[in-house]
Amino acid sequence: MRLKELLLNNRSRRRFVQSEIIRKEDLVQWVDLSRLTPSSHNAQPLKYFISDTPELNAKIFPSLAWAGALKDWNGPEEGERPSAYIVMLLDKKISQSPQSDDGIAALSIMLGATEAGYGGCIVRAVNRKALRETLSLPEDLEIVLVLALGKTNETVILEPMQNNDFKYWRDKKECHHVPKRSLEEIIIN
């Protein structure tokens, strides 16, 4: 895929074919993409916890909040949940802040997944205390975000933003609509 096509296909996806397994080797390759990206001060403070088993995934799932704009939806049902997670961690022994590394790394991983025919969602709404206990993480590793990954099972439609209304929504067919600002609006000169 060309870069623009990858970016257009790299949407926040929240429903998956849960039974479609992602090989651990693929997850490791996507994390490797993040390792190769720029890092503020070249500190490289990010670490990763990979989950690719149904048992561990089931323990991670309750720690995540899904789609805050969809008030009547509590997240994907059993059968539509991610088949893998990558938990991004900040090694506090290296740096007290991820700077911008987390966004660069998350996008790199998501583009790798998209290129391989998968999709996912970058989840920052995480019950960090519960997830830390679930994964038995040491205190010096701070949970930054969680990448929920799988074979996607939803249609995402990009549409022009109207009246500065940026909230995404679902139609009666369960298609996920995402308003986007126009190019003319975001370039100011």
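Trainee: Over the ring of which residue does the charged end of R170 sit?
Mentor: Bear in mind that this is a predicted model, where local features need pLDDT of at least 70, side-chain atom pairs count only at pLDDT 80 or more, and totals for chains, interfaces and linings use all residues. Residues are numbered from 1 along each chain as its sequence is written, and side-chain values use heavy atoms, leaving out hydrogens and water. A charge counts as over a ring if NZ of Lys or CZ of Arg is within 6 Å of the ring centre and within 35 degrees of the ring normal. The R170 charge lies 4.3 Å from the centre of its ring, and that ring belongs to W73.

Trainee: And how far is the charged end of K167 from the centre of the ring of F166?
Mentor: K167 has its charged end over that F166 ring. The distance to the centre is 5.6 Å.

Trainee: Which residue in β7 stands opposite R170?
Mentor: Strands here are DSSP runs of E, at least two residues long, numbered from the N terminus, and two of them pair if DSSP finds at least two bridges between them. β6 and β7 (residues 176-180) pair in the antiparallel sense over two bridges. Across from R170 you'll find H176.

Trainee: What is the order of the three strands in the open sheet?
Mentor: The pairing is mixed. β5 (156-160) and β6 (169-170) are the edge strands, each pairing on one side only.

Conventions:
Helix = DSSP H or I, 4+ residues; strand = E, 2+ residues; numbered from the N terminus.
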